[in-house]
Structure formats: C-alpha cells, structure tokens
Amino acid sequence: MEDDIVLRSDDLNGFSFAAVFDGHAGFSSVEFLRDELYKECVKALQGGLLLCAEDLTPAKEALQEAFVNADTKLLNWLDTKGEDEESGATATVVFVGNDMLIIAHIGDSCVVLSRAGKTEIVTNPHRPYGSNKVSLQEIRRIREAGGWITDGRICGEISVSRAFGDTRFKTKKNEMLEKGVEEGRWTKKFISRVQFKDDLVIASPDIYNVNLGSDAEFLLLASDGLWDYMKSSDAVNFVRNELRQHGNVQLACEALAQAALDRRSQDNISIVIADFGRTDWSSLPAEQQNVVLELSQAFATLAIVSLGIWVTSLLSL
C-alpha cells in the first residue's frame, strides 16, 4: 500500500495538522515525507506563529518554501537510495485552528467541507487532462516546460502533474528519454527534438485559507481512490447520514471507505474526517457549543478485508 496519513497536534501553536499522502511507483517517497514534510512545515511556519498572524501571506510563502525544501531533500535521498528512485507522492496538508483551515495541496487528493449539509469543494486536482481551469493551466505549463501529454499522461507515463519525488520528470528527464528509446516507446529522432526548459512535475502547492464559521460541520480529506468513484456531494451526504445515525466519526470513516470499495474502487483509499463538534447529530439541524476537533482516519485497499481504523486523541481548536 502506497498511501499514508499523518496526524499531529504538537509544535504548531495550537493548530492541528493532518496530511494524506498518495504514493506511486513505490513507497519510498511516502516513507520519507511522512516525517520530513511535517518538520519542514513546522520550521517554515516558525512553530505555528505565522498561522496565527492576521496577514497570512508570510504563512503561505512559508508553506511554499517547506514543500520545495522537502522535495529537494527527497530527490537527493532517492538518488542516493537507489531503489524506488522513480517513486513519487502527492500530498494534501490541512492545518486547523482559530476557526480556520489552511491547506497546502499538490496532486489529486481532495478536501471538501460540509456547511449545514451543503458541499463546499476546497481543492482542485492537479491532472494533465480535462477542460477545467486548473487542468488547462497544468497542460499549458507542462508543454511550455518542453513536455507532452499522451492519453492524459505526462510523456505517456504519469497522470498527476504535481507531486513530490518523480525524479524522471525533474532531475533525470534526459535519462527518462534515453530509457524510453531503449524500451521502444519513442525514437532517437523524436528525442532529438525534445528540449526541456523546466520540470514537468512540480511540488509547488496551491494554498487555500478558509474561514469555518458556525455552519461548518466537518471536513473530509481523501485520496483519489474515493473521489474517482464517488461525487463530493454524495460523500458528504453519506457521512452526514452516518453521523446522524450514531455520531461516531470512526464508524463513518470505515463505512465511507467500504462504500467506495463497493463501487469497485481499484485504488488505495485514505480518508480523514474532522468533525468540528458544532452539530448535534442526533437532532439535526441543532448546533451545540463544542470546540472539540475529532480526527479519524481510514485506509482501504481491495486486498484488505478489515479496514484499519483508529481515532486520535481529541484536539483543541
């Protein structure tokens, strides 16, 4: 399994941290990032002080720096490690505190909010195909960098346009071309016309800040193994119905992962649900004054029958 989830509540000046990593071509990149990215974020954010500032511009710049630094270290580590050197990973990181979300996002996982039952999609996937604004921007960036897209994949290989690692689309692009010739995927004449001007896959995150407000019920962060098989509004309604029945985030996480599997999801599924504690689920739509944030996480693959579920200690907003 190449997915992973990290939940932390220390070193960030009262903010909680949740991250979903979706790996590909091996687990090495996720293995490295699960600790290193958090360290880089804490360092760049000055222990969370920048998250508490009225002006969030320095925090957003710091997160850009943290992601780039983590990627640079990962690329060097993969180069020396040898095995899994072509591995990569998407990452969506959420900071929760002070009635606010700050999200740093690369890849095709997604964050949605439930606001009084209405679905608010917060992030957009970075993919080299599609007709939406973000996809068109990614396609243009890749082509301007000297790359090409075949069947929705960069150079016919990878279907995500922002990720950590993936040396063959960054520091080893020419080696990737030579390997393609050896494997018969393209000719020497073809690669002689290719001129790379920049990295094809990048680790520069989109950063969002969202004020929660009194109508925010819960956050749902999940890898594409969920979203490729379930609409965001369906997922939000599913979780609300689960919570209305029992109010248990852990059980809702497990049921949502199983629902995706029942829809024949072919991918790993990683899910984080953060219940903001403002809704009395037994008597909707009443709200209760509760500032507790409960995080639960669920992983699932087609090969796993019993899902691994656990709940962290309660985190204060």
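Predicted model: local features only at pLDDT ≥ 70, side-chain atom pairs only at ≥ 80, totals over all residues.

Q: Noted. How many helices and strands does the chain have?
A: The chain has 8 helices and 15 strands.

Q: And what share of the residues is buried?
A: Of the 317 residues in the chain, 55% are buried. The accessible surface comes to about 13800 Å², and 46% of that belongs to carbon and sulfur atoms.

Q: What about contact range?
A: Taking contacts between residues at least 6 apart in sequence, 67% join residues at least 24 apart.

Q: OK, cores. Which residues have the most contacts inside the largest nonpolar core?
A: Those are Leu-12, Leu-33, Leu-37, Leu-45, Phe-95 and Phe-164, in a core of 37 residues. Strands S2 (16-24), S3 (88-97) and S4 (100-106) each give two or more residues to this core, as do helices H1 (28-44) and H2 (57-81). There's also a second, separate core of 24 residues, with Val-236, Leu-243, Val-249 and Leu-261 among them.

Q: Back to Leu-45, what is it in contact with, sequence neighbours aside?
A: Beyond four places in sequence, Leu-45 contacts Leu-12, Leu-50, Leu-51, Ala-59, Ala-62, Leu-63 and Phe-95.

Q: Let's switch to H7. How does the distance between its end C-alpha atoms fit the 1.5 Å a residue rule?
A: It agrees: H7 (residues 232-246) has 15 residues, so it should span 21 Å, and its end C-alpha atoms are 21 Å apart.

Q: Which residues of H7 are buried?
A: Ser-232, Ala-235, Val-236, Val-239, Arg-240, Glu-242 and Leu-243. They cover an arc of only 160 degrees around the axis, so they sit on the same side of H7.

Q: Why would residues three or four places apart point the same way?
A: Because an α-helix has 3.6 residues a turn.

Q: What covers the buried residues of H7?
A: The cover includes strands S5 (110-115), S6 (118-121), S11 (216-222) and S12 (269-275), plus helices H6 (224-227) and H8 (249-262). Just after H7, Gly-247 takes a positive phi of about 70 degrees.

Q: Which residues other than glycine have a positive phi?
A: Asn-13 is one of them, at about 55 degrees, and Asp-166 is another, near 55 degrees. Asn-13 is in the loop between strand S1 (3-8) and S2, while Asp-166 is in the loop between S9 and H4.

Q: Are those two buried or partly exposed?
A: Asn-13 is partly exposed, with a relative accessible area of 44%. Asp-166 is buried at 0%.

Q: What else is in the loop between S9 and H4?
A: Phe-169 is there, between strand S9 (164-165) and helix H4 (173-182). Phe-169 counts as buried, because its relative accessibility is 0%, and buried means under 20%. Leaving out residues up to four places away, Phe-169 touches Ile-154, Cys-155, Glu-157, Ile-158, Met-176, Asp-199, Leu-200 and Val-201.

Q: You mentioned Cys-155. How many disulfides does a search find?
A: A search of the whole structure finds 0. Cys-155 is buried at 3% relative accessible area, whereas Cys-52 is partly exposed at 35%.

Q: Last one: where is Ser-135, and what does it touch?
A: Ser-135 is in helix H3 (residues 133-144). Not counting residues up to four places away, Ser-135 touches Arg-127, Tyr-129 and Gly-130. Ser-135 counts as buried, at 2% relative accessibility.

Definitions and conventions. Residues numbered from 1 in each chain as written. Heavy atoms only, no water. Core = buried A, V, L, I, M, F, W, Y, C linked by side-chain atoms within 4.5 Å. Buried < 20%, exposed > 50% of the residue type's maximum accessible area, 1.4 Å probe, protein only. Helix = DSSP H or I, 4+ residues; strand = E, 2+ residues; numbered from the N terminus. Contact = heavy atoms within 4.5 Å. Areas by Shrake-Rupley, 256 points an atom, 1.4 Å probe, with all protein chains shown as cover. Expected span 1.5 Å × (residues − 1). Arc of directions from axis to C-beta. Disulfide = S-S within 2.5 Å.
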